[in-house]
Amino acid sequence: MKRIILMVLRNIFFVPYGWIKLCWYASHVDRYTEEERYKLLEDIDERAVRGGNINIEVHGQENIPKENGFIFFPNHQGLFDVLAIIYACPVPFSVVAKKELAEIPFLKQVFACMKAFIIDRDDIKQSMQVIINVIKEVKKGRNYLIFAEGTRSKNGNHPQEFKGGSFKAAIKTKCPVVPVALIDSYKAFDTGSVKQLTVQVHFLEPMNYEEYKDMKSTEIAGEVKRRIEKTIQENGGWN
């Protein structure tokens, strides 16, 4: 919370304009292209990151597929995760977000601008419909981000189990699976500190369909987690 307050205070003259524009875009998403909406999010995100004493190191940007229609699978550390990846990724993408986050001010408007799908993990029928919708959108060439852990890790840079069901959309669309390793993202909002912070975002080599077509969804989940953990360990995040 302290860092969020710092972000606001350091952008005090921009906040009213940025908030109004974000709310307008969120309420009129079909008036703007995905690129226009994503550019707005990038602009707001950059100001927030700079104002919050956060430095984001971006690694492996060349691993982001050149053709749209892929899915990011990052480890999940906290509320800052999506903002860190927006900052690091020049290509528009959307997210699958749990319903508990859908009514949080600011995140609600960000998700609306991204045309995110909101998932209720306690409603199996609704969850299946979200997966079906993601499949349709990826086939159209949109990019998505799915947190395969389902909920954020409470153990810092140590990911939880990656759930196999999270990879069903990738299997059905035969799209590239892009592991993303986040390091120290949880420190942005969950530690109560406003000291200078470096967050690392690593885009790992994508797993193309030919690589995972003979694997079970649980095996894909385990392999993605293994690659992310290896990257975290090699880059000083294993503490």
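## Sheet and core

His 59 stands opposite His 202 in strand E7. The model in which this pairing is seen is a predicted one. Between E1 and E7 (residues 197-203), six bridges are found, and the two strands run parallel.

These two strands belong to an open sheet of seven strands, ordered E1-E7-E6-E2-E5-E3-E4, with mixed pairing. E1 and E4 are the edge strands, each of them pairing on one side only. Strands of a sheet pair through backbone hydrogen bonds, in either the parallel or the antiparallel sense.

The pairs discussed so far are listed below.| Strand pair | Sense | Bridges |
|---|---|---|
| E1 and E7 | parallel | six bridges |
| E2 and E5 | parallel | two bridges |
| E2 and E6 | parallel | four bridges |

Which residues have the most contacts inside the largest nonpolar core? They are Phe 72, Phe 80 and Phe 93, in a core of 46 residues. Another core, of 29 residues, lies apart from it and includes Phe 73, Ala 181, Ile 183 and Ala 221. In soluble globular proteins, nonpolar side chains tend to be buried together.

Leaving aside residues up to four places away in sequence, Phe 72 touches Ile 64, Cys 89, Phe 93, Tyr 144, Leu 145, Ile 146, Val 178, Val 180 and Phe 203.

## A covered helix and a buried loop residue

Helix H4 (residues 81-88) is mostly covered, with seven of its eight residues buried. The buried ones are Asp 81, Val 82, Leu 83, Ala 84, Ile 85, Ile 86 and Ala 88.

Asn 63 sits in the loop between strand E1 (54-59) and E2. Is Asn 63 buried or exposed? Its relative accessible area is 17%, so Asn 63 counts as buried, the cut-off being under 20%. Not counting residues up to four places away in sequence, Asn 63 touches Phe 203, Leu 204, Glu 205 and Pro 206.

## Surface and loops

Met 1, Ile 4, Ile 5, Val 8, Leu 9, Ile 12 and Phe 13 make a nonpolar surface patch of about 740 Å². One of these residues, Ile 4, is found in helix H1 (residues 2-10). Ile 4 is partly exposed because its relative accessibility is 34%, between the limits of 20% and 50%.

Two lysines have a positive phi. Lys 115, in the loop between helix H5 (107-113) and strand E4 (117-119), has a phi near 55 degrees. Lys 115 is partly exposed, with a relative accessible area of 33%. Lys 174 has a phi of about 60 degrees although it is not a glycine, and lies in the loop between helix H7 (168-173) and strand E6 (177-183).

Technical notes:
Residues numbered from 1 in each chain as written. Predicted model: local features only at pLDDT ≥ 70, side-chain atom pairs only at ≥ 80, totals over all residues. Heavy atoms only, no water. Buried < 20%, exposed > 50% of the residue type's maximum accessible area, 1.4 Å probe, protein only. Patch = residues over 30% accessible without salt bridge, like charges linked within 9 Å, V, L, I, M, F, W, Y side chains within 5 Å. Areas by Shrake-Rupley, 256 points an atom, 1.4 Å probe, with all protein chains shown as cover. Salt bridge = Lys/Arg side-chain N within 4 Å of Asp/Glu carboxyl O. Pairing = 2+ DSSP bridges. Core = buried A, V, L, I, M, F, W, Y, C linked by side-chain atoms within 4.5 Å. Contact = heavy atoms within 4.5 Å.
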